[in-house]
Amino acid sequence: MRTFSLRDLDSDFIQEIESSDFIGRFRGCYTCGTCTGGCPVHRVNKDYDPLRIMRMLILGLREELLKGEMIWLCSDCYTCQENCPMDVKITDIINHLKNLATHEDNTPLGVSTQEKLLMDQGKIYIIDEFDNKKRAKVGLPSLPEMAEEAKKLLKQRQQ
Ligand code: SF4
Ligand code: SF4
């Protein structure tokens with residue numbers, strides 16, 4: 001297990017996160033472990049641990065959090081946040097960390113590839129003739145290959 005020195009701790013980072021109105025309260029975490037106990041990702045990958053993310057945050061381990069892979073394993077299911085007895089906005093915090101990492105170009109290849117697909121196609125998966133035949137078999141209408149409206153909206157957001 002990696003050890004940390006005082007130089008790794010970034011108090012500005014703690015203040016930066018705390019000053020975000022919607023996620024401010026995370027110091028109330030008393031390490032009960034409810035978040036980790038109910039996390040579906042932790043169930044299949046013991047290296048992933050939302051409580052550990054909260055402790056790293058409280059210690060101000062900015063580099064470790066934003067440059068590491070851990071935050072990207074969260075599936076965004078909100079189970080932890082809904083169950084936290086201290087109302088820590090765990091999932092919102094992890095999403096915020098993902099946004100910060102993205103601004104610093106620390107996005108994993110899989111995520112940046114999906115982002116590019118969304119920008120190019122408006123969706124991650126292209127709906128082809130084969131998919132539409134399967135849809136027709138169960139009475140669903142055909143879908144266009146690209147999602148032009150979504151593409152337009154994403155481009156507008158980028159400007
Ligand atoms: S459930 Fe909430 S209080 Fe409990 S360890 Fe997780 S973040 Fe901390
Ligand atoms: S939101 Fe993320 S951390 Fe929370 S329970 Fe779901 S996968 Fe785990």
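User: What is the relative accessible area of Asp87?
Analyst: Asp87 counts as partly exposed. That class lies between buried (under 20% relative accessible area) and exposed (over 50%), with a 1.4 Å probe and protein chains only. For Asp87 the value is 36%.

User: What pLDDT must side-chain atom pairs have to count?
Analyst: Residues are numbered from 1 along each chain as its sequence is written, while chains are lettered from A and ligands numbered from 1 in the order in which they are written. Side-chain values use heavy atoms, leaving out hydrogens and water, and in this predicted model totals for chains, interfaces and linings use all residues, local features need pLDDT of at least 70, and side-chain atom pairs count only at pLDDT 80 or more.

User: Where is Asp87, and what is its phi?
Analyst: Asp87 sits in the loop between α6 and α7. Helices are DSSP runs (H or I, at least four residues), numbered from the N terminus. Most residues other than glycine have a negative phi. Asp87 is not a glycine, yet its phi is positive, near 55°.

User: Which loop holds Thr31, and what is its phi?
Analyst: Thr31 is in the loop between α1 (11–18) and α2. Thr31 is partly exposed, because its relative accessible area is 41%. Its phi is positive although Thr31 is not a glycine, at about 55°.

User: How far apart are the centres of domain 1 and domain 2?
Analyst: Domain 1 covers 6–103, and domain 2 covers 109–158. These bounds come from an automatic or database domain assignment. Taken over C-alpha atoms, the centres are separated by 31 Å.

User: Which residues come nearest to ligand 1?
Analyst: A residue is near a molecule if one of its heavy atoms lies within 4 Å of it. There are 13 residues around ligand 1. Two helices, α2 (34–38) and α4 (50–58), each give at least two residues to this shell. The nearest are Cys29, Cys32, Gly33, Cys35 and Cys84.

User: Which cavity does ligand 1 sit in?
Analyst: A cavity is a set of points on a 1 Å grid over the protein atoms alone, where a 1.4 Å probe fits but cannot get out. A molecule sits in one if more than half of its atoms lie within 2 Å of its grid points. For ligand 1, this is the largest cavity.

User: How many charged residues are in the shell around ligand 1?
Analyst: Ala, Val, Leu, Ile, Met, Phe, Trp, Tyr, Cys and Pro count as nonpolar, Asp, Glu, Lys and Arg as charged, and the others, Gly among them, as polar. The shell around ligand 1 has 10 nonpolar and three polar residues.

User: Which residues come nearest to ligand 2?
Analyst: Ligand 2 takes up the second largest cavity. Its shell draws at least two residues from each of α3 (40–44), α6 (79–83) and α7 (90–103). There are 14 residues around ligand 2. Nearest come Cys39, Tyr48, Cys74, Cys77 and Cys80.

User: How many charged residues are in the shell around ligand 2?
Analyst: Nonpolar residues number 10 in this shell. Polar residues number three. The charged count is one.

User: Which residue makes a side-chain polar contact with Arg62?
Analyst: Arg62 lies in helix α5 (residues 62–67). Arg62 is buried because its relative accessible area is 14%. A polar contact is a pair of N or O atoms within 3.5 Å; within protein, one must be able to donate a hydrogen and the other to accept it, and residues adjacent in sequence count only if both atoms are side-chain atoms. At 2.9 Å, the partner side chain is that of Glu104.

User: What is the C-alpha distance between Gln81 and Ile93?
Analyst: Gln81 lies in helix α6. At 13% relative accessible area, Gln81 is buried. Gln81 and Ile93 are 12 residues apart in sequence, and their C-alpha distance is 9.7 Å.

User: Which residue has a side-chain oxygen that reaches the backbone nitrogen of Phe130?
Analyst: The site is the start of helix α9 (residues 129–137). The oxygen comes to within 3.2 Å of that nitrogen. It belongs to Asp128.

User: What is the relative accessible area of Gly139?
Analyst: Gly139 follows α9 and has a positive phi, near 80°. It is in the loop between α9 and α10 (148–158). Gly139 counts as exposed, because its relative accessible area is 63%.

Key: On a 1 Å grid over the protein atoms alone, a cavity is a set of points where a 1.4 Å probe fits but cannot get out, and a pocket is an open set with protein on both sides within 12 Å along at least five of seven lines; lining residues have an atom within 4 Å of a point.
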